[in-house]
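Thanks for coming, everyone. I have one structure to show today. Let me put it on the screen.

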2 protein chains.
Amino acid sequence: MSVATVAEAPAAVITWLRDHRQMHLAALCDILAIPSVSMDPAHIADMTTAAQWLADTMQRTGMAHTEIIATAGHPIVYSEWLDAGPTAPTLLIYGHYDVQPADPVEAWHTPPFTPVLRDGNLYARGASDNKGQIMAAVAALEAWLHTMGRLPVNVRVIIEGEEETSSPGLRHVLHANTERLRCDAALMIDSMMLAPQHPLILYGTRGNCYLEITVRGPASDLHSGTFGGTVDNPLNVLTRLLASLQDGETRRVLVPGFYDRVRIVDTTERNLLASLPLDDASIRAMTGAPVLAGEAGYSAIERATIRPTLDIHGIAGGFTGPGKKTVIPSQATAKLSMRLVPFQDPEDIARRITDFLLEQTPPTVTLNVRVLSASHPVLIDHHAPAVQAASQAFEKAFGAPASFMIGGGTLPIAADLQHALSAPLVITGFGLPDDNLHAPDEKLNLSCFFKGSEMIAHYLALLATRHH
Amino acid sequence: MSVATVAEAPAAVITWLRDHRQMHLAALCDILAIPSVSMDPAHIADMTTAAQWLADTMQRTGMAHTEIIATAGHPIVYSEWLDAGPTAPTLLIYGHYDVQPADPVEAWHTPPFTPVLRDGNLYARGASDNKGQIMAAVAALEAWLHTMGRLPVNVRVIIEGEEETSSPGLRHVLHANTERLRCDAALMIDSMMLAPQHPLILYGTRGNCYLEITVRGPASDLHSGTFGGTVDNPLNVLTRLLASLQDGETRRVLVPGFYDRVRIVDTTERNLLASLPLDDASIRAMTGAPVLAGEAGYSAIERATIRPTLDIHGIAGGFTGPGKKTVIPSQATAKLSMRLVPFQDPEDIARRITDFLLEQTPPTVTLNVRVLSASHPVLIDHHAPAVQAASQAFEKAFGAPASFMIGGGTLPIAADLQHALSAPLVITGFGLPDDNLHAPDEKLNLSCFFKGSEMIAHYLALLATRHH
C-alpha cells in the first residue's frame with residue numbers, strides 16, 4: 001500500500017471475520033430456514049419469527065439499540081449504534097428479510113427452505129435476495145464490535161419485510177421519521193456484481209409506470225358469425241391503441257412529451273457503459289433473440305439502462321385455448337409498463353399515455369386506464385465520496401474496484417430513501433447474475449458472501465476517513 | 001285458395017301429423033335423452049346408439065332403404081325412398097344428430113339430457129340444434145308414407161354425427177358418392193326463423209378463414225427491467241402486425257386484394273335486407289354495444305351478412321393474472337378470423353394475409369401463420385323454383401312466406417353440399433334466435449316443431465308440382 005492514503009479495516013477485524021466463517025454461515029442457514037414469504041398470508045407467523053430472529057441477532061452483535069417497528073403490514077427491524085462521536089458520519093444500511101414465493105417448488109433440486117451447500121454455493125430461497133446480503137453486513141458489524149469494541153462510523157440498520165410487495169410500511173415510516181433517520185449515506189445491499197471478480201455499483205435505477213388498459217364494447221361476448229361487422233371488437237380496438245404507442249421502425253414511444261424530461265447522457269457516461277463487458281453480442285447471447293432490437297441510435301446496454309422502454313406484458317379477453325372459437329369478447333385488457341429514466345415522472349407519463357389513448361378511442365367502446373404502480377427513477381452522483389469509498393472497499397475485499405452503471409430494473413424504495421434522507425445512495429451487492437432470483441434453485445456464492453462482509457468492514461473504515 | 005295453382009299436402013297427411021303430435025314429441029324426447037356429444041371421446045358409445053336409434057326410426061317410417069355409413073369418425077345415417085317415378089325430382093334432406101357439450105352443466109335449470117316441457121318449449125341439449133329439426137322432417141316423411149303409401153318426390157336423407165366438429169366424414173362421403181347422391185335440391189334444416197311467425201331462408205352463408213399467428217422472439221421469457229429495450233417484445237410486434245390489418249377509421253381490411261372478389265350487391269338485394277326487422281337500432285339493442293361500428297358505407301345488417309369482417313378472438317403470451325409481472329414473453333399468439341362473402345376464397349385470403357404479415361415482420365422475430373380452418377362462402381339463386389317452393393310451404397304451414405337473406409355465420413358443409421351435388425340448397429329451419437344454441441337451457445318451441453313438420457309435408461307436394 002505505497003500510494004494509498006485511504007484507510008482500511010484493521011487486520012484484527014478481517015482476521016476475526018475469516019476465523020468465524022462457519023459461524024456466519026450457520027447463522028445465515030438459520031434465517032434461510034424461516035419461510036418469510038411476504039406476499040403469502042399463510043406465512044404471516046413466519047414473518048414475525050424472522051423479524052424477531054433478526055432483532056435478537058442484531059442485539060447479540062453489540063448494536064446499542066434494536067427495535068421492531070410495527071407497520072400496517074409486516075414489521076421492520078431497526079437497529080442503531082451512534083457512538084462514533086459528534087463529527088463521525090452516519091451510514092444507513094438497508095436490506096429486507098422477506099422473500100419471493102418458492103413456486104414452483106417441484107422445480108427446485110433441494111427444498112427451498114432447507115439450505116444446502118453445493119460446489120461453493122448455498123442454495124435456498126432468499127440466499128441472494130436478500131438474506132445472504134444482509135447477513136454479510138451483520139457479520140461486518142459484529143466483527144468491528146467484537147474486535148474493536150466500536151464502529152468507526154455511526155450506523156443505522158433498516159431491514160424491512162415488504163420489499164417484494166413494494167414496501168408500503170417502510171415508505172410510511174421513512175417519510176414520518178426523516179429527522180430521526182438522518183444519515184450521510186445509505187447503503188442498499190440489494191443488487192449484484194457483474195461477475196465474481198467484477199463488483200458493480202448502480203448510480204441510479206430506472207423507474208416504472210405499470211398500466212392496465214381495458215376496452216369495453218358489447219354487453220356480453222358475441223358470436224362473430226351473427227354479429228361480426230356490426231360492433232367494434234374490443235380486441236381489434238385494443239391492438240390498434242397499443243400499436244399507436246410505439247413506432248415500428250424507430251421503436252420510439254409516440255406519446256407526445258414522453259421524452260421531454262429524459263436526461264441527455266454525455267459521451268463520458270456512454271463510454272463508461274461501452275467499457276462494461278456487456279456488448280451487443282453478449283446481450284444477444286443472454287437473450288437468445290434472433291436479432292437485438294430497440295430505440296434507434298443506442299447500443300443494447302444503453303437501451304437497457306439510460307433509455308426508457310415500453311413493453312406489453314399480456315393481453316386478456318376472448319379465447320386462447322386450443323382450437324378455435326369465434327368469439328367477439330365484450331372486453332379486452334392489456335398490461336404494459338414503461339421503464340423510465342431520470343428525470344421522467346411516472347405519474348406524468350401515466351397521464352400522457354391515458355390522454356393519448358383516450359383521444360384515439362372511438363365512441364363505440366369505453367376505455368379505462370388503471371395505474372398499477374408508479375415508481376420514480378433514481379440518479380445518484382457517483383463522484384460523491386461515499387460512493388467512491390464503496391468502490392475502494394470493493395478493491396480491498398475483491399481485488400478490483402467497482403464498475404458504475406445505471407440499473408435497468410426498478411428498486412421502488414430507492415427513490416423514497418433518496419428523497420426522505422437527502423443522502424447519496426450506494427446501491428450495490430454481492431449477488432451474481434446467475435443467482436436465480438425469484439426462480440427455483442436460488443443460490444448465493446459463498447466466496448461473494450465472505451468477501452462481501454470484508455467489503456463492508458473496509459467500507460466503514462473508508463467512510464470514517466473520507467469524512468474527516 | 002282462389003288464385004294459387006300450387007299444390008299442397010293432402011289434408012290426410014296434415015291431419016295425421018296433428019293427430020300424432022304426442023307420438024312425435026315422445027320420439028324426439030327419446031333421441032334427446034341420448035347424449036351424442038361428438039367432440040367428447042367419453043360419448044363415443046352414445047354416438048353409435050344415436051345413429052342406430054335414427055336408422056331404426058327411419059326404417060319404421062317406411063323408407064325403402066336405410067343404412068349406417070361408417071366413417072373415420074362418427075357414423076352417418078343414410079336413408080332413401082326413390083319410387084316417385086322416373087320424372088319425379090329428388091330431394092336430399094340434411095341434418096345432424098351430434099350435439100355440443102352441455103358445459104357448464106350447472107348453469108342449466110334442468111338436466112341437459114332429460115327433456116323437460118315448460119311454457120310450450122322443450123328444454124334439452126340438441127332440442128333446436130339439430131335433433132328437433134331432424135325429427136320434424138322424419139315426422140313429415142312418416143305422415144306421407146302412412147297415409148298415402150308413398151312420397152310425392154324421391155327423398156334421400158343424410159344425418160351426420162360430426163357437424164359440430166366440421167363434418168370430416170360427411171365431406172369425404174359426399175365427394176366419393178356424388179353420382180349416388182344425385183338430387184335436384186338439398187334441404188338443410190339447420191338454421192332458424194327470425195321470429196315464431198317469421199320464417200327465414202338463407203340464400204347463402206358467409207365463409208370463414210380462421211388463423212393462428214405466432215410471433216417468437218427471445219429464447220425464454222425475460223425480465224423487462226434487465227432486458228427491456230434490448231429485444232423486440234413479441235407482444236409489441238404482434239399488436240403492430242394485427243393493427244396493420246385493418247383501418248381504424250373505415251374498418252376496411254388493408255390487405256391488398258382482400259376485396260377483389262367480393263360480390264357487388266345490387267340495390268334490390270340491399271332493399272331486401274333493409275326490409276327485414278333488423279335495423280341498426282334493433283341490432284344495437286341485441287349487442288348492448290355503446291354505438292355500432294363497422295365498414296363505412298353499410299348498414300349493420302349488411303355488414304353482418306354481405307360484407308366480410310376481421311375479428312381478433314384472443315391473444316396469448318406473457319402474464320394476464322391479477323397484479324403485475326414485468327415479463328417480456330418469448331412468444332405471443334393471436335387467434336383471428338375473417339368472415340368471407342361470395343366469391344372470396346378462404347385459401348387465397350389466408351395466403352394474402354400471411355404474405356402481408358411476413359412482409360412487415362422484422363428480422364428480430366419469427367412469424368408463423370397456421371390456418372385453423374378455411375370454409376367457403378355459399379351463394380344460392382333464391383329465385384330457383386326449389387327455393388321459392390320452400391317459401392310457399394312456409395306460408396301454408398306458418399301463415400307467412402319466408403324472408404330471404406344471406407346468413408352471417410358459416411355452415412362449413414354447405415359449400416361441400418353445393419359443390420358435390422350441383423343442386424340448389426334450401427337453408428332454413430324452425431329454430432328461434434333465443435333457442436340458446438351451444439349454451440345452457442337450449443330449447444325448441446313446440447309450435448315451431450309441429451308446424452315445421454307440416455311445412456316439410458307441404459314442401460314435398462310443392463316440389464313435385466313445381467317440377468312437372
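Start with helix H3 of chain B, residues 44-61. Keep in mind that this is a predicted model. H3(B) has 18 residues. From its first C-alpha to its last, H3(B) reaches 26 Å. That is close to the 26 Å expected at 1.5 Å a residue.

Now, which residues of H3(B) are buried? Here they are: Asp46(B), Met47(B), Ala50(B), Ala51(B), Leu54(B), Thr57(B) and Met58(B). Look down the axis of H3(B). The buried residues fall within an arc of 140°, so they line one face of the helix. Turn to the face that points away from that buried side. There you find Ala45(B) and Asp56(B), which are exposed.

What do the buried residues of H3(B) pack against? Two of the partners are helices: H2 (21-32) and H4 (127-148) of chain B. The others are strands S1 (65-69), S2 (76-81) and S6 (154-160) of chain B. Then the helix ends. Gly62(B) follows H3(B), and the phi of Gly62(B) is positive, near 105°.

Next, the two chains together. How many residues of chain B are in contact with chain A? The count is 68, and they touch 68 residues of chain A. Several elements of chain B give two or more residues to that side. Among them are helices H6 (224-227), H7 (234-243), H9 (280-287) and H10 (300-303). Strands contribute too, including S11 (311-316), S13 (331-340) and S14 (366-375). By residue type, this side of chain B divides into 27 nonpolar, 30 polar and 11 charged.

How are the copies related? A rotation of 180°, with 0.0 Å of shift along its axis, superposes chain B on chain A. The RMSD is 0.0 Å. The two copies are therefore related as by a two-fold rotation axis. In chain B, the C-alpha nearest that axis belongs to Thr239(B), 2.5 Å away from it. The same surface serves both copies: 100% of the contact residues of chain B recur in chain A.

Last, confidence. The model scores ipTM 0.92 and pTM 0.91. Chain A has a mean pLDDT of 95. In that chain, 98% of the residues reach 70 or more. And where does pLDDT stay under 50 in chain A? Over residues 1-5. For that stretch, the model has 0 contacts beyond four places in sequence.

That's my part. Questions, please.

Definitions and conventions. Residues are numbered from 1 along each chain as its sequence is written. Chains are lettered from A and ligands numbered from 1 in the order in which they are written. This is a predicted model: local features need pLDDT of at least 70, side-chain atom pairs count only at pLDDT 80 or more; totals for chains, interfaces and linings use all residues. Two residues are in contact if their C-beta atoms, placed from the backbone, lie within 7 Å. Helices (H or I, at least four residues) and strands (E, at least two) are DSSP runs, numbered from the N terminus. Ala, Val, Leu, Ile, Met, Phe, Trp, Tyr, Cys and Pro count as nonpolar, Asp, Glu, Lys and Arg as charged, and the others, Gly among them, as polar. Copies are superposed by least squares on the C-alpha atoms of residues with pLDDT of at least 70 in both. pLDDT is the predictor's confidence in each residue, from 0 to 100. The expected span of a helix is 1.5 Å times one less than its number of residues. A residue is buried if 20 or more other C-beta atoms lie within 10 Å of its own, exposed if 12 or fewer, and partly exposed in between; C-beta atoms are placed from the backbone. The arc is that of the directions from the helix axis to the C-beta atoms.
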